[in-house]
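Hi everyone, thanks for coming. Let me put the sequence and the model up, and then we can walk through a few contacts together.

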Amino acid sequence: MKKLKLLVAAMFMAIALGLPAKAVFAATITLTQADFTFADCNGTANTKGIICSEVGGENAYQLPDGEFTLGENISLGTGTAFTTGDSFSLDLNGKTISTNNNTYSALELDGKSAIISGTGNITNTGFGRGVAAYGEYDTSNNLVARTKLTINGNPNISSIGVRGTELTINGGTFAGSGWVSAVDFGDDSITVINGGTFSAEGADAVYVFGGSLTVNGGTFTSAGSIGLMLEGQLNSLKITGGTFTGKTAGLAMGFIPTSTSLSGGTFTTTGSGEWDLGPIQVSNDDVTENTLNSFLAAGASYSDGSFHLNSTVTPKQAYLTTKSVTITNGSTPAPADDSTSTNSSSTVGTPNSGRSTAEAGSVTSSLAGLIASIVLVSLAFLGKKHFAKKSA
């Protein structure tokens with residue numbers, strides 16, 4: 001009787017809120033290969049609400065709101081799956097969703113909130129990424145609303161590209177092949193990494209163009225470049241732990257973040273070439289003899305603070321000179337202060353326009369948002385300048 005009363009109460013609540021009763025009792029939807037097999041990809045939804053439309057000769061599958069789980073391995077061919085609604089979650093369930101796409105991702109998350117969980121794989125064997133997530137921008141390229149993405153468990157994702165997102169990574173394996181980073185952050189993103197394995201071959205393992213970044217753990221490795229590269233102007237950088245390894249540097253900065261707090265982590269450079277300067281390095285005309293020390297949280301220290309400041313190059317360079325350094329004994333963040341030297345050698349508004357939104361009334365407008373998002377993030381990444389690699 002108690003369960004019946006709760007059921008009736010939930011139904012009346014759904015009616016009062018103007019919601020369909022099925023939204024209250026929505027069950028997890030199992031996805032199979034058949035759900036992505038359309039006789040005619042003409043914008044008509046199938047029984048699970050998936051809409052297939054053709055974009056540039058390739059299939060684009062729009063996924064509705066809901067909780068989904070992979071029931072079997074799914075190949076999208078050269079197509080892509082994307083979301084535009086309020087809430088979406090996907091349990092990989094030990095299975096794989098894959099594409100071979102040179103432009104788009106296997107899974108693009110343009111809705112308000114998304115969760116990826118479980119073991120399993122999201123792969124792209126083309127030049128595109130495994131997962132992409134973009135916030136909502138207006139026609140003047142101003143951020144209107146962030147997309148929230150949470151990654152749980154231990155998924156295996158070929159690579160991630162985000163812009164204008166609130167991203168939390170709680171584990172997983174992320175790998176970029178060739179000249180692709182494992183994770184590529186455009187501007188306007190708020191990111192927390194609590195763990196995971198991030199690796200790249202010729203590119204930076206993690207590349208950040210702007211926003212804010214907190215790293216509490218994880219392994220970041222680049223065979224040919226930098227473990228963690230900060231190219232654009234970050235609002236804040238906080239690192240409490242993790243292992244950062246790169247041929248050129250474990251951590252490198254092209255701009256000095258507005259606020260920096262390093263209280264843990266091990267940073268290593270594996271290279272021995274003239275450009276492989278040190279485990280932590282900064283290349284910016286604002287560097288001083290105290291810049292590297294100013295990054296440390298209160299009570300924190302480098303295992304070896306020996307550094308070199310090169311003021312004869314443009315931009316100037318400051319870097320730790322040992323091959324590997326560990327930061328220990330950090331407590332609370334300390335404000336950056338470059339005033340002394342040593343002698344040692346966002347709230348955003350209601351969704352508006354310019355992005356695919358939950359209010360989009362047709363698959364055409366959603367696809368237009370999909371294409372617009374790719375263009376916007378591509379422009380942001382094309383603005384990337386390479387880290388100045390000049391010898392001392």
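Is Arg163 buried or exposed? Arg163 is buried, with a relative accessible area of 4%; buried means under 20%, exposed over 50%, and partly exposed in between, using a 1.4 Å probe and protein chains only.

A quick word on the ground rules. This is a predicted model, where local features need pLDDT of at least 70 and side-chain atom pairs count only at pLDDT 80 or more, while totals for chains, interfaces and linings use all residues. Residues are numbered from 1 along each chain as its sequence is written, and side-chain values use heavy atoms, with hydrogens and water left out.

So who is the partner of Arg163? Arg163 forms a salt bridge with Asp187, and their closest N and O atoms are 2.7 Å apart. Arg163 sits in strand β18 (residues 160-163) and Asp187 in the loop between β20 and β21 (190-200), so this pair ties together parts that are 24 residues apart in sequence. Strands here are DSSP runs of E, at least two residues long, and are numbered from the N terminus.

By the rule used here, a side-chain nitrogen of Lys or Arg within 4 Å of a carboxyl oxygen of Asp or Glu, the count comes to five salt bridges. Let me show you another one: Asp184 and Arg129, at 2.9 Å from N to O. Asp184 belongs to strand β20 (residues 183-185), Arg129 to the loop between β12 (120-124) and β13 (131-134), and the two are 55 residues apart. Both are buried, Asp184 at 9% relative accessibility and Arg129 at 15%.

Now turn to Asp86 and Lys112, whose closest N and O atoms are 3.5 Å apart in a salt bridge. This pair links two loops, one between β7 (80-83) and β8 (87-91), the other between β10 (107-109) and β11 (113-117), 26 residues apart.

Which residues line the largest cavity? They are Val55, Glu58, Asn59, Ala60, Thr80, Asn101 and Tyr104, each with an atom within 4 Å of a point. Strand β4 (residues 58-63) gives the largest share of that lining, three residues.

Thanks, and I'm happy to take questions!

Definitions and conventions
1 Å grid on protein atoms, 1.4 Å probe; cavity = no way out; pocket = protein on both sides within 12 Å on 5 of 7 lines; lining within 4 Å. Helix = DSSP H or I, 4+ residues; strand = E, 2+ residues; numbered from the N terminus.
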